[in-house]
Amino acid sequence: MKTLSGIQYCALGAVEGIGASAHYLKFDRWGILLDSGLDPHLPPSEGMPEFDLIKSDPVDAIIITHAHFDHIGSLPVAIQNFSQARVYMTPATMELTEKMLFHALQLQRRLGNSNATQLYDETFLDTIHYLYQTFDYLKPFPLHGKEESQLRFTFYDAGHILGSAGILIEWKGKRIFYTGNTRKSSQFILKGARYPEPPIDILISEATYGADPIAESIHRKTEIRRFAKRLSQHLQWGGIVLLPVFALGRTQEMIMLIHQLRLKNQIPVVPVYLGGLGLRINQIYDRLLHKVYPEYNHGTIRSMVFDRWDLSKKIQGPAILISTSGMMYQGSPSFEYARELVSSPRNAIFFVGYADPETPAGLFREQRIEALTQLLQVERIACAVEIFHFSAHSHRRELLAMVKKMKPKKVIYVHGDAPALKWMLEETQKMLPDSEVIIPPHGKRIDLLPSPGGRSLC
Ligand SMILES: [Zn+2]
Ligand SMILES: [Zn+2]
């Protein structure tokens, strides 16, 4: 049998929007799955990547870039489908992934979603641990037990959440880089992303903020001052300020911002309440952060939380409540608490990260009051709604600067809504006219490096 030599790509999950991230790369007769997410907008059984598209292909490794659910949610199912595959990730991503997957299962059980809990259970999650292999940033490693593949991988700090990584794949002189989710500038805890030196032949990049012209014009210090001022105002009025955020990443970054503002006496000291999963993630951050950042003071994040919070607890203002979900999905604690809070102008909801336009958080951000009053079943919305730009993603000019520096021959944009992908495509075409820019259709195989003699691998 003739040995083919080429690189193929196939998007198994959503490309448009923040759905299930799952990208298949085939190198000759070896296959790599980059991320194994689940679409957070859909029930688990419907939000899976289409693993069937590669059921006859090899999958030797699953590389997880970070532990957000849209990148790990289908990992147990991927492992069931591709039992030969090892799972590669950073040590922090492994701990966070285990915590997130267990939590998701418990949540589905509480919701009585038997479709989801039939896919796998806690015992299965325990038994797959042996497949996990962890590697630190900048430490190259081969494909386990298949060194003849000549594949070599290196994790680069992606600056998105604890443990997040971009992955450099080197194969027969070709260099492919997948950004995962990435943030170039520092956050309140995390430092910005590091990228491999050029040349990069093929770049697979996120495009989350491709359609956001505001993020790139925000001056961080001004934004922090505005946040402190607005927060102080509501707290001085005795109000409650709700921050709907992801439990992993945003929660810890916002706690650190509040900590820093308190140290500088820029906000009043009031109780900070936090819900369930965020507290457990805090423990992992506190335990592992100093390994990445030796200057981090052990326990800072945990020490900031005044009390555990759940929906049964009545909170007296002034107080800050940090709660999932960031998108304020119906039935989530942040959604339910918003009902109690919205009728008073003393209170406020502060949005500090990304939200899909069609989610309740998106409706708040776009001030679609009528839709919100119906959804929340309230008469009026009198609380303040403030939007701050403290994202865990690079803004689009930072992404373009990264692309320009790497000068890839091919760029694949994923993880953004349609206008975001379009903007990134057009700007990249103008900036690098000799490069091919691709928005991959879901499920279609693309030859990134055709085999010699022009024979197509599709
Ligand atoms: Zn993420
Ligand atoms: Zn993501």
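**Note on aromatic pairs and surface charge**

1. Tyr195 has a relative accessible area of 17% and is therefore buried, since buried means under 20%. The model under discussion is a predicted one.

2. The ring of Tyr195 pairs with that of Phe177: the centres are 6.1 Å apart and the planes stand at 75 degrees, so the pair is edge-to-face. In the chain these partners are 18 residues apart, and the pair links distant parts. Phe177 belongs to strand E10 (residues 174–178), whereas Tyr195 lies in the loop between E10 and strand E11 (202–206). Phe177 is also buried, at 1% relative accessible area.

3. Phe227 is in helix H6 (residues 220–236), and Phe388 is in the loop between strand E17 (384–387) and helix H13 (396–406). This pair, too, links distant parts of the chain, its members being 161 residues apart. Phe227 is buried, with a relative accessible area of 0%, and Phe388 is counted as buried at 1%.

4. How many aromatic pairs does a search of the whole structure find? The search finds 17.

5. On the surface, a patch of positive charge brings together Lys99, Arg110, Arg280 and Arg308. Of these residues, Arg280 is placed in helix H8 (residues 276–292). Arg280 is partly exposed, with a relative accessible area of 30%.

Notes:
Residues are numbered from 1 along each chain as its sequence is written. Chains are lettered from A and ligands numbered from 1 in the order in which they are written. This is a predicted model: local features need pLDDT of at least 70, side-chain atom pairs count only at pLDDT 80 or more; totals for chains, interfaces and linings use all residues. Side-chain values use heavy atoms; hydrogens and water are left out. Patches are made of residues with over 30% relative accessible area and no salt bridge: like charges are joined within 9 Å, nonpolar side chains (Val, Leu, Ile, Met, Phe, Trp, Tyr) within 5 Å. Accessible areas come from the Shrake-Rupley method with a 1.4 Å probe; for residues, only the protein chains shown count as cover. A salt bridge is a side-chain nitrogen of Lys or Arg within 4 Å of a carboxyl oxygen of Asp or Glu. Lys and Arg count as positive and Asp and Glu as negative; His and the chain ends are not counted. The place of a charge is taken as NZ of Lys, CZ of Arg, CG of Asp or CD of Glu. Helices (H or I, at least four residues) and strands (E, at least two) are DSSP runs, numbered from the N terminus. Buried means under 20% relative accessible area, exposed over 50%, partly exposed in between (1.4 Å probe, protein chains only). Rings of Phe, Tyr and Trp (its six-membered ring) pair if their centres lie within 6.5 Å; planes under 30 degrees apart count as stacked, over 60 as edge-to-face and the rest as tilted.
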